[in-house]
Amino acid sequence: MLKEIDAIKKSFEAESKQIDSIDQLTSIRDKYLSRKRGLLTQLWKEFQGIPAEQRSEVGRRLGQLKIEVEDRLERMKDELDRQQLNARITSETVDFTLPGNRRAVGHLHPVTQVRHQIEDIFCAMGYSIEDGPEIETTYYNFEALNIPEHHPARDAQDTFYVSDSLVLRTHTSPVQIRTMERQKPPLRIICPGRCYRGDNPDATHSPVFHQIEGLAVDEGITFGDFKGTLEYFLKAFFSEKTRVRFRPSYFQFTEPSAEVDISCIFCSGRGCRVCKMSGWIEVLGAGMVDPAVFAYVNYDPEKYTGFAFGVGIERLALIKYSVNNIQHFFENDLRFLEQF
Amino acid sequence: MKVSLQWLKQFVGIEVSPRQLADDLTNVGVVVETLEPVGSDFILGLDLTTNRPDCLSHAGVAREVSTLYQAPLRRPKVVLQESRAMTREVIAVEIKAPQLCARYCARVIRGVTVAPSPTWLKPRLEALGVRTINNVADVTNYVLLELGHPLHAFDLAKIEGSTIIVRESSDQEFLLTIDGVDRKLVPGMLVIADQSRPVALAGIMGGAESEISFSTRDVLLESAWFDPLSIRKTSKSLGMHTEASHRFERGADVNATVLAIDRAAGLIRELAGGEILQGVVDCYPRPPRRDPLFLRKSRITLLMGLEVTASDVERILSMLGFTILRQTSEGWQIDLPSSRLDVQREVDLIEEIARHFGYARFPSSLPSWRGSSRRQPEEALQRILRERLTNLGYSESMTYSFIDELEGQRFSEHRAVRLLNSLSSETGVMRVSLLPGLLRSLLHNYHRGLKSAKLFEIGKIYFEQDGGQPLEETHLGMVATGNAEEKSVHSASRTISFFDIKGEIERLFGASWKRIGLAGVPDDGLIPKYYHPGLSVQLIGTVTPNIGVFGQLHPEICREYKIKQPVWAAEISLHHLHSEYEPASAEKIFHEIPRFPSIERDLSLVVANDVTYSKIESTITQAGIKEIQRIFPFDLYIGEHLAPGKKGISVTVSYQASDRTLVEDEVNRYHETIVRLLAEKLGAQLRT
């Protein structure tokens, strides 16, 4: 019996070395372990008939062989499976240079993107967003902003008229007045929206454009606060390195008034074609709220001070994205929109 | 306004480079836009704000320069040799409209020789863009540029009578002005007249008949002050803008009249000879009074955030021509010069100080804040929609708010708001719909070979309403054409279908979609005529019935716009969408995630063609089985294997209980109930 066990062990070791496929493995497993005709199964059957004194030794050897065979076959199956998987993986390839399945994604208009950026900067400083009508009364568009009829300042803004007393607003400043009429200080608002001026369209003019008006009114607001706020905004919007210049100017609804320039972002202020060699680019008009405006909305000009500014969104977008023609913003060419 | 650097230096001695001067002037608010060398001189092109007529002359700019560099200001020199004959014996002045003409000065120079100007004068005027005419006319222009006060020279021989009358024009009066236009005057315009007729449009332009010519012997000089508003109205209504009107309508200096007329008379005699009659006829019926102002030290600090020293305040104001009458511990009593009509209030004085002190020198700060901040809920919704729309592949466009009236009528029955002075008929009315603009944008891309495009715009539409201001409503417009997905090597391309658009609208509405109902073909008259009647639906809300519409545009519209493929569109009122969105957002509340598994059952039904899916769904819902968690269709079949007039539709019903695991028997019972109900109510049969 022991001899037989040794012979089977030898033949298994020799045969198992030849295995190189799952099929072979299966037939060898059947040959040795099959429940009916397996060589080891046969031996177990014979084992039942051997004398008692030999049993323990034969049983031990037989059990050992069975475990050896099972283990070996199990390990070989793992190995073969792994080989098979590797073979499959090697054949599974793609041309990864082909484009992916793209879901078309649309683009927000650059004017909207710039508007959102400005809104976010000011909202973080406690400003609320206000809105007002685009078809506005001459009272709110001019009078209440201290621009009387026949004042030369009205010439500077070619106005579209709907009737004697209704215009397409030439700036978002009327929203200032409407808000101040509703609310008492302290007040911090920005008013984004469409404005209109009777300019024929060209590279730098559009009869329709967008503006954001800002207004802060409280006790003790100073010219220094006005400067600090706009410097913070322009640095946040353009870059930390931006330098800001305030120049005296004139607007009917602010006093003192200022034009605000930034150091040219194209030449860092050294002078180039864009800034006409001045090193500066004009970005917005602003100033301390004129006491006359407070009078229109019944704020006490002795008690309250404040500042206001108006910034053209297209203007900032033109500068920020180096767009050379304002008409691009209204043509809606997808090859333009998809750049933003 | 152009300024010659050499001329400027006659009034103020400075030693800075032209570039530096230009920068420094710009920093005090006198913006130098251009700087050009001309020969040995430099010409500064100023861009002046309307409040600074005092800087419309070399002497005026010189005052700013003198304050800037603290350099003494020189007065213009006047050489005046008068004869014995008295001016007032030759000419008298009568102001009949004293509210429109505060002062009128006249001088007479007799026996002049009118000739071309000498060689020193011509280039000086020409460099500043002034055409030279003859020595007398050139002198008036020269003095205008030097001192800023407009003058006029008449040929005295052409003045009838010996009185200059300043009056309002009356009915049926005409004046041939020196630009050669015969003008019909509107009653009320201020004119200079002799005894029989107007000879000049006051402060704007002289008459051709009394113009100085080479045969003129005696010159009548005028130096006056006219009311800004009157000059502005007249020059606007006649469409005339002259150097004189430009200054008068901004406010000339009433006290500069005598200096200017003396300076001009002296120069005329120097250039054209003749004798200057003695004295100025100065008709000045009511010298305007300007009260002094009190400037508080505390107010400067309060407004500017920095204390400006008293010596700085006094130096700046006095160099700018203000007179400090009195100083107290609180501040200063200040007399205002007649050249600075723009300075009327304490705050105007503070601005004068601030701009010469230097805006840059006030330290920056941030104000403290004790209020709150809020965002308009409509604005928040717009941001969400914009994000969803871009995720759905739509790019945002912006179009003009005005459109062609006829084009607008194709897309709306609203009465459009008409512009009185539109740029063209194509932009004659405010848009009543977003579609014309969007279609034009689509067309722009289509013509450039982009046959697949999806665009949206969020913006206002405007229309007249009876009584009251026009209405403005914010809408969302969408247009889409071409392929549903980008072309790909990985899958076949497919054009946009109704259900692509419907799916997008559902995604767009998000949580509020379940509040929306749809109405289509059978409900006549709800779909606007410019939509394909069978492929478009109306969106119906619970708060407002008409939220919007979407579907395919009528092929007729595509033909008009010359687009040879279907175009899909949607129009949604954001105001109305917001009314659905708000309650839907408010309903957002956490529901426990189900812990027990769900069981699905499929139903393959055969129904009549006119049985809609929504009827099937609502019939299942009517069974009142609360374990039904979801119902959705997964197959639709119309074809030969079915009887005519029938369609096959397969639906999955998913069951789930929140408190137990459902058992087969229970679900089978539910399933049978549903099958029975569908058969009873809709005549549905199970497909075998």
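**View 1. Strand β8 of chain A and the strands paired with it.**
Strand β8(A), residues 280-289, has eight buried residues out of ten, so this strand is largely enclosed by the rest of the structure. Strand β7(A), residues 254-263, runs antiparallel to β8(A) and is joined to it by eight bridges; within this pairing, A:Val260 has A:Leu284 of β8(A) as its bridge partner.

**View 2. The side of chain B that touches chain A.**
In the predicted model, 75 residues of chain B are in contact with 64 residues of chain A. Several helices and strands of chain B each supply at least two residues to this side, among them α2 (18-27), α6 (228-238), α12 (377-391), α14 (435-446) and β23 (453-463). Helix α11(B) gives the most, with six residues. Sorted by class, the side of chain B that touches chain A has 31 nonpolar, 26 polar and 18 charged residues.

**View 3. The crossing of helices α9 and α11 of chain B.**
Helices α9 (297-304) and α11 (346-357) of chain B, which are both among the elements that supply residues to the side touching chain A, have axes that come within 10 Å and cross at roughly 70°. That angle makes α9(B) roughly perpendicular to α11(B), because angles of 65 to 115 degrees are counted in that way. The crossing in which α9(B) passes α11(B) is right-handed. In this contact B:Arg299, B:Ile300, B:Leu303 and B:Met304 of α9(B) meet B:Glu346, B:Ile350, B:Ile353 and B:Ala354 of α11(B), and by class these residues divide into six nonpolar, no polar and two charged.

**View 4. Helices α2 and α3 of chain A.**
The axes of helix α2(A), residues 22-33, and helix α3(A), residues 39-47, come within 3 Å and cross at roughly 10°, which makes α2(A) roughly parallel to α3(A). Four of the contact residues are nonpolar, one is polar and one is charged.

**View 5. The contact between helices α5 and α8 of chain A.**
Helix α5(A), residues 110-123, and helix α8(A), residues 223-237, have axes that come within 10 Å and cross at roughly 135°, which makes α5(A) oblique to α8(A). Helix α5(A) passes α8(A) in a right-handed crossing. The contact is made by A:Gln117, A:Ile118, A:Ile121 and A:Phe122 of α5(A) and by A:Phe233, A:Ala236 and A:Phe237 of α8(A); these residues comprise six nonpolar, one polar and no charged.

**View 6. A four-stranded open sheet in chain B.**
The sheet has the strand order β30-β31-β29-β32, with antiparallel pairing, and its edge strands, β30 (628-637) and β32 (685-686), each pair on one side only. Strand β30(B) pairs with strand β31(B), residues 646-655, over eight bridges in the antiparallel sense, and B:Pro633 has B:Val651 of β31(B) as its bridge partner. Helix α19(B), residues 664-682, packs on the sheet and touches β29 (599-608), β31 and β32 of chain B, while its direction makes about 15° with that of β29(B).

Key
Residues are numbered from 1 along each chain as its sequence is written. Chains are lettered from A and ligands numbered from 1 in the order in which they are written. This is a predicted model: local features need pLDDT of at least 70, side-chain atom pairs count only at pLDDT 80 or more; totals for chains, interfaces and linings use all residues. A residue is buried if 20 or more other C-beta atoms lie within 10 Å of its own, exposed if 12 or fewer, and partly exposed in between; C-beta atoms are placed from the backbone. Two strands pair if DSSP finds at least two bridges between them. Two residues are in contact if their C-beta atoms, placed from the backbone, lie within 7 Å. Ala, Val, Leu, Ile, Met, Phe, Trp, Tyr, Cys and Pro count as nonpolar, Asp, Glu, Lys and Arg as charged, and the others, Gly among them, as polar. Axes are lines fitted to C-alpha atoms, for helices over the stretch in contact, and angles run from 0 to 180 degrees between N-to-C directions. Angles under 35 degrees count as roughly parallel, over 145 as roughly antiparallel, 65 to 115 as roughly perpendicular and the rest as oblique. A crossing is left-handed if the near helix is turned anticlockwise from the far one by less than a right angle, and right-handed if clockwise.
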